[in-house]
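Student: I have a model open and would like to go through it with you, a bit at a time. Can we start once it is on the screen?

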Amino acid sequence: MSAQPAVDAGATPFLEARDLSVEFVTRSGDVARALDGVHVSVQRGEILAVVGESGSGKTTLARTLIGLQRPSAGEVLLEGAPLSYSQKGLRGLRSRVQMVLQDAAGSLNPRQTVYESVAEGIRLHRRVARDPENRSEAELVAAALAEAGLRPPERLFLRYPHELSGGQKQRVLIAGALALRPELILADEPVSSLDASIRGEILALLLKLRSDLGMGVVVVTHDLGLAWNIADRIAVMYLGRVVECGTTEEVLSRPRHPYTQALLSVVPEIDFLEPVVLHGEIPDPSRIPAGCRFHPRCPQLASGAAATAGVADDCVGTPLPVLPAGGDHRVACHLDAVRTT
Amino acid sequence: MNGVDAVSAVLDLRDVTVTYRTAEGPLPAVRGVDLTVRPGEVVGLAGESGCGKSTLVGTVLRLQPASATVEGEVLVLGQDVQSISWGKLRALRWAGASIVFQGALHSLNPVQRIGAQIAEPIRLHEPELSRQAVDVRVEELLEQVGLAASRKRSYPHQLSGGQRQRVMIAMALACRPQLVVADEPTTALDVMVQAQILDLLKDLVRDLGVGLLIISHDLSVLADICDRVVVMYAGRIVESGRANEVFTDPLHPYTKALSGAFPRIGDPAARYAPAGLAGDPPDPRDLPPGCSFAPRCPLAVPECTVAEPPLVEVGPGRPVACIRVGES
């Protein structure tokens with residue numbers, strides 16, 4: 001299978017989120033900070049996994065990266081240039097960055113054939129007129145379906161979503177994105193609704209697109225095994241912030257944040273960590289805890305390890321700095337800070 | 001699995017076959033399944049969409065649609081569910097055996113408080129209980145599944161996915177059944193919430209001594225919680241055995257694919273190498289000749305398409321349906 005390609009870490013990132021915040025006002029008038037100062041970046045041809053539980057802000061991050069959500073603060077940069085939210089600007093972004101939504105079954109129009117679903121984007125972005133090889137619309141649709149592993153493509157043209165299996169639906173969605181020849185695909189939980197045996201096929205497809213077409217991928221998931229399978233780098237999110245980031249090997253083999261450690265420890269087949277089942281769920285983003293936002297659930301604080309190291313007061317009272325994008329293995333944790341210095 | 005005492009088993013499926021009548025002809029969804037769950041035992045049923053596992057769950061409480069024909073015996077607490085009278089069946093549902101259905105979000109009534117939903121089966125089965133006694137029981141159940149008793153006044157939309165799944169489990173336990181069937185209880189949940197729910201199920205089996213049958217397509221989850229695992233493909237059992245052995249040392253090529261689908265994090269061989277299985281499961285109306293798995297099987301040889309391989313014991317309590325297992 002394709003090995004990790006040489007990614008130039010010093011180059012201008014292809015897509016970057018800089019100090020991104022997204023706030024929603026709830027019906028009761030509270031301000032929920034779905035994203036609260038996030039830096040992430042992805043290079044050309046790089047596969048970045050954004051992992052976290054429901055409520056961590058990972059889907060909001062993906063939506064903001066593709067301009068579906070405007071940030072309250074901070075900015076999204078495409079090759080170093082801030083995103084324009086005009087219709088033209090967004091169309092330009094989306095011909096280069098495509099999103100594959102979660103829930104393939106719900107994302108396809110049940111009354112549209114496979115051909116129509118894939119051709120829609122081709123028409124919207126006038127791909128036929130711009131095709132360097134002068135291919136017809138049908139040829140472009142067929143090529144995209146074939147690239148997504150649906151062969152022979154012509155046999156699927158007139159099928160409706162209900163006639164397809166879950167894996168085939170997911171491939172049709174990916175084909176719709178591929179038809180536009182994007183340079184980056186944003187995939188939100190691309191395999192979570194699929195059967196175990198099909199999951200590997202879709203992940204292998206993402207790796208193949210990277211090695212054949214140089215396509216980058218940002219994959220949003222709660223599945224750490226998926227990240228281990230395909231990602232070059234990982235950003236772990238908790239309550240609107242990145243709490244740990246680094247290469248996949250660093251983050252998953254030597255996790256340093258207590259939250260990452262807990263997430264990894266409950267993966268059924270992990271045996272190098274004692275299972276730490278955290279109580280409760282991610283708190284309400286309109287009431288972000290003071291100090292370290294993870295402290296109410298932190299096993300290190302509860303066990304007294306933070307107090308022994310003399311950081312317990314910081315954990316509950318001192319906010320942590322926002323982690324920069326890219327580069328080294330970094331962790332937003334008071335305990336880790338004293339342990340590593 | 002031979003010589004199981006029918007009375008001691010809370011669930012005993014004997015050569016169960018389920019066939020749906022469809023416009024395109026008969027559709028055999030389950031073909032000759034034997035399965036036993038004893039009190040205090042956790043049995044996992046693994047397989048992908050369309051393998052017949054949810055159909056099998058339906059037969060346990062005679063919930064299969066009218067278009068289905070069930071053959072063989074489905075014994076719950078020794079009673080043949082498919083032939084007993086309506087009255088006996090109603091007594092058995094909830095109080096003898098209960099099902100935690102897939103998709104907690106859609107299984108709860110959105111306009112009824114959860115306390116009332118948990119109370120419903122209790123009131124039906126124990127009409128002599130006073131309102132107060134039912135209320136006390138509802139609060140106990142909520143606490144048993146790790147929710148505050150005050151949650152009984154919440155509506156489903158006010159709960160998170162994990163909390164709703166806990167409510168579903170509380171409902172299943174409401175009438176103190178001896179058998180609980182959980183259909184994909186953790187599929188839509190996050191890893192941490194999944195771990196919480198699995199811990200809860202483990203505790204309940206230990207404390208209450210119920211028999212638990214868990215359905216999942218994730219073999220790693222089943223290996224974590226089950227005593228035994230049964231793997232189904234295209235309506236048949238292809239392998240079963242002790243949960244850990246089936247997961248770490250799968251023998252059937254299909255089980256191998258299922259086990260390999262979830263990588264072991266830290267294993268360098270899995271980096272940039274997701275394991276998959278090409279193709280889709282067969283159409284049950286048009287099964288391939290011989291072994292149903294042969295068209296997708298990396299080990300298939302021409303003999304595989306001659307006859308459906310029988311389940312053969314290759315070790316103690318370890319039946320496998322594959323002619324290539326045991327070849328050296």
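Student: How many of the nine residues of helix H10 (residues 253–261) of chain B are buried?

Tutor: Seven of the nine residues of H10(B) are buried, so the helix is mostly covered. A residue is called buried if 20 or more other C-beta atoms lie within 10 Å of its own, exposed if 12 or fewer do, and partly exposed in between, with C-beta atoms placed from the backbone. Before we go on, please keep in mind that this is a predicted model, in which local features need pLDDT of at least 70 and side-chain atom pairs count only at pLDDT 80 or more, while totals for chains, interfaces and linings use all residues. Residues are numbered from 1 along each chain as its sequence is written, and chains are lettered from A and ligands numbered from 1 in the order in which they are written.

Student: OK, and what counts as a helix here?

Tutor: Helices (H or I, at least four residues) and strands (E, at least two) are DSSP runs, numbered from the N terminus.

Student: Which residues of H10(B) are the buried ones?

Tutor: They are Pro253(B), Tyr254(B), Thr255(B), Ala257(B), Leu258(B), Ser259(B) and Ala261(B).

Student: And what do the buried residues of H10(B) pack against?

Tutor: Within chain B they pack against strand S3 (42–46), helix H8 (219–225), strand S9 (228–233), strand S10 (236–242) and helix H9 (243–248), and they also pack against H8 of chain A. Contact here is a matter of distance: two residues are in contact if their C-beta atoms, placed from the backbone, lie within 7 Å.

Student: Changing topic, at what angle do helix H4 (residues 114–124) and helix H6 (residues 137–147) of chain A pack?

Tutor: Helices H4(A) and H6(A) pack at about 110°, with their axes 10 Å apart. Axes are lines fitted to C-alpha atoms, for helices over the stretch in contact, and angles run from 0 to 180 degrees between N-to-C directions. That makes H4(A) roughly perpendicular to H6(A), since angles under 35 degrees count as roughly parallel, over 145 as roughly antiparallel, 65 to 115 as roughly perpendicular and the rest as oblique.

Student: Which residues make that contact?

Tutor: From H4(A) they are Tyr115(A), Val118(A), Ala119(A) and Ile122(A), and from H6(A) they are Glu137(A), Leu140(A), Val141(A), Ala144(A) and Leu145(A). By class, the contact of H4(A) with H6(A) has eight nonpolar residues, no polar ones and one charged.

Student: What about H4 and H6 in chain B, how do their axes cross?

Tutor: The axes of H4(B) and helix H6 (residues 161–173) of chain B come within 8 Å and cross at roughly 25°, and H4(B) and H6(B) are therefore roughly parallel to each other. In this pair, Ile114(B), Gln117(B), Ile118(B) and Pro121(B) of H4(B) meet Val167(B), Ala170(B) and Met171(B) of H6(B).

Student: Where does Tyr155(B) sit?

Tutor: Tyr155(B) is in the loop between helix H5 (131–144) and H6 of chain B, and it counts as partly exposed because it has 14 C-beta neighbours inside 10 Å. Leaving out residues up to four places away in sequence, Tyr155(B) touches Pro110(B) and Arg113(B).

Student: How far apart are Tyr155(B) and Val111(B)?

Tutor: They are 44 residues apart in sequence and 6.9 Å apart in space, C-alpha to C-alpha. Val111(B) lies in the loop between helix H3 (104–107) and helix H4 (114–125) of chain B, and it is exposed, with 8 other C-beta atoms within 10 Å.

Student: Last one: is Glu189(A) buried or exposed?

Tutor: Glu189(A) counts as buried, because it has 20 C-beta neighbours inside 10 Å. Its place is in the loop between strand S7 (184–188) and H8 of chain A, and Glu189(A) has a positive phi of about 45° although it is not a glycine.

Terms used: Nonpolar A, V, L, I, M, F, W, Y, C, P; charged D, E, K, R; others polar.
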